[in-house]
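Work through the exercises below with the sequence and the structure open beside you, and try each task before you read its solution.

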Amino acid sequence: MTKEDQKYYEDYFDLFSTTGWKQFVSEVEESISRFTFDVVESEKDLFLAKGQLLILNNTKNFEAMIRNNYDSVTEELTDD
C-alpha cells in the first residue's frame, strides 16, 4: 500500500472516530427509519423516493464500506 493510500484510509478512520460523524450517521439512520413511500403519487415520485433512500443507505453504510475495502487491501498485501 502506498503512503497516499495509507493516508487516505487513516483520514477516514480519524473522521469515523469523531462525535460529529457518529451524530451525522445517527441522523441519517433516523431519516431512514422515518422514510415512507406514502406520499408517492406517480412513477416519477417512486423513482425519486427510491433514489433518496438509496443515497441515505449508502451514506449510512459508508464507514463499513471503507473499512471492508481497507481490510481487503491489507489482506491482499499479507497474502502476497
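**Exercise 1: a pair in helix H2**

Arginine 34 and glutamate 30 form a salt bridge, in which the closest N and O atoms are 3.6 Å apart. The model is a predicted one, in which local features need pLDDT of at least 70 and side-chain atom pairs count only at pLDDT 80 or more, while totals for chains, interfaces and linings use all residues. Residues are numbered from 1 along each chain as its sequence is written, and side-chain values use heavy atoms, with hydrogens and water left out.

Task: state where arginine 34 and glutamate 30 lie in helix H2, and how many residues apart they are.

Solution. Begin with the definition: a salt bridge is a side-chain nitrogen of Lys or Arg within 4 Å of a carboxyl oxygen of Asp or Glu. Helices here are DSSP runs (H or I, at least four residues), numbered from the N terminus. Finally, turn to the surface, where buried means under 20% relative accessible area, exposed over 50%, and partly exposed in between (1.4 Å probe, protein chains only). Arginine 34, at 55%, counts as exposed, whereas glutamate 30, at 43%, counts as partly exposed.

**Exercise 2: the salt bridges of the whole structure**

Task: find how many salt bridges a search of the whole structure gives, and describe the one between aspartate 11 and lysine 7.

Solution. The search finds three salt bridges. In one of them, the side chains of aspartate 11 and lysine 7 meet at 2.8 Å, N to O. These two residues are four apart in helix H1, so they are separated by about one helical turn. Aspartate 11 is partly exposed at 37% relative accessibility, and lysine 7 is partly exposed at 48%. Another salt bridge joins glutamate 63 and arginine 67, at 3.0 Å from N to O, and these residues, four apart in helix H4, are likewise separated by about one helical turn.

**Exercise 3: the nonpolar core**

Task: list the residues of the largest nonpolar core, and say which element gives the most to this core.

Solution. A nonpolar core is a set of buried Ala, Val, Leu, Ile, Met, Phe, Trp, Tyr and Cys residues joined through side-chain atoms within 4.5 Å. The largest one has six residues, namely Tyr9, Phe13, Phe16, Trp21, Val25 and Ile66. Helix H1 (3-16) and helix H2 (19-34) are the elements that give two or more residues to this core, and H1 gives the most, with three.
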